[in-house]
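Let's take a walk through a protein model together. Have a look at it first, and then we'll go through a few spots one by one.

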Amino acid sequence: MGFCLYNNVAVATSFLLNERKELGISKILIVDWDVHHGNGTQKMFYKDPRVLFFSVHRHDYGTFYPAGDDGSYIWTGEGPGAGYNINVPWQNGRCGDADYLAVWEHILIPVAKEFNPDMVIISAGFDAAMGDPLGGCRVSPHGYSMMLDKLMEFAGGKIVMALEGGYNLNSIANSAQACVEVLLQDKPAFGSLEAYPFASSWRVIQEVRQELSTYWPVLASKLPDKMINRTSQIVNISDSDSDSDGEHENISDTLSEVKTIEDSFMNLKVDGDSQVHNSTNVRPPWRSELSKVNIWYATFGSNMSISRFSCYIEGGQVEGMKRSCVGSMDKSKPREIIWKTFPHRLFFGRDRTATWGPGGVAFLHPSSNVHEKTYMCLYKITLEQFNDVLLQENVSDYDMSRPLFDLAALQTIETKRSVSVELVQGGWYRNVVYLGKEKDIPILTMTCSISDVECFLSGKVPINPPCKEYANVLVKGLVEGKQLSEEEASAYIQEAFTKPL
């Protein structure tokens, strides 16, 4: 997505693979070193094993543009494309040559050798370069040249660089020149680095290797402690410092202009006919239909707090949240709020989220168990609002031209008991579970799938206690709902994350 309406690299890749088969190009490696996550390219080839998509980008726990969880390392592809989508999400800015080259050495190059592409296409944004006012990273022209040089060994040198992002003309010019010299073989790229990656970078590299090791055994080995213990410290220096050729008298104006553009794109959606519209002003026909249908949305996590749940309806955020919610198109308050308990297991998993930062978040075991009891706050809302909440809980870039959970799904869930929402298959809360009826109105919740529970049990996905801020919101919800005292609510949450799953 980024600031682009036409994805040149994705279009070129699709054209080569599908329209020009006589060229003998059957496998393409896409390397996206633009500072922003290549979410559009990822979406196009997420199920396609002919494309190995690699994106290294600032993620900042899902708060860096374009924001959302789909830039996380756990998004590895789906179906036949499983394992062919690689995200390396930096947790902070200031990443430079040492960080990027460590990723090349310990993730990209080993996997690329196994993949053996027929062609390499680079989404060559230079907004991770030194001096860029938006990216906040510190890759030097020499660093870019070394990254490119390491890719030249693949596909017999059949490599394309497509210029993308970059908001400092000198940084773009110097970085692009260094890369062109490598392409023309005018100046060899060699040398060693005295700097070391950040500790956070090594942590990300290890997490990516572990996640991908199932698909790429070459990544299964543990990196030596001696190597990963050599780190640099993150120093908070202005991004307009002296390493960008001294031309920063207009840097604040440039950054302001770019941020304005960024904010505008954050509010845009593109429908199936490639017409851009503002998602807050366009009302697809399905919304009118689903606005007439009521359901109970049963919440077990932070949404038990009315002020927190209101963020999903009205927009905004509460204390402890790292980012705001966009809210629902229909901002009407719940028609009724009640509390019930259900025979399901509450537990906490994952290691961090874009909304709350480090720490686990609440999940409900989708299967019932008479020996378990979970407190749940039920909000009577419309099926239209439920779709908007489902979207915000799972993905950030679906255009909602059609509902995630429609009337047909509502009719079948009573017999099936649960429905996995196909349009948000990478989401953590994609499994809509039917919990019965209240006043003849269906009770629905959203949680993980049974296969996700198996991943928690095996350790593939971590079980973690919640962070203090997140736990406080759960306690607040239980106390305000007059279900438990503060002491009882704290003990209830502690039992949920300490009791074996």
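Start with leucine 183, which is partly exposed because its relative accessible area is 32% (buried means under 20%, exposed over 50%, and partly exposed in between, with a 1.4 Å probe and protein chains only). Before going on, know that this is a predicted model, where local features need pLDDT of at least 70 and side-chain atom pairs count only at pLDDT 80 or more, while totals for chains, interfaces and linings use all residues. Residues are numbered from 1 along each chain as its sequence is written, and side-chain values use heavy atoms, with hydrogens and water left out.

Leucine 183 sits in helix 5, residues 169-183 (helices are DSSP runs of H or I with at least four residues, strands are E runs of at least two, and both are numbered from the N terminus).

Now hop over to serine 72, in the loop between strand 2 (51-58) and strand 3 (85-90). Serine 72 counts as buried because its relative accessibility is 12%. Leaving out residues up to four places away in sequence, serine 72 touches His59, Asn87 and Pro89 (contact means heavy atoms within 4.5 Å).

Last stop: helix 13, residues 450-458, where Asp452, Val453 and Phe456 are buried. These three cover an arc of only 105° around the axis, so they lie on the same side of helix 13 (the arc is that of the directions from the helix axis to the C-beta atoms). They pack against strand 10 (344-349) and strand 13 (361-368). On the other side of helix 13, Glu454, Leu457 and Ser458 are exposed.
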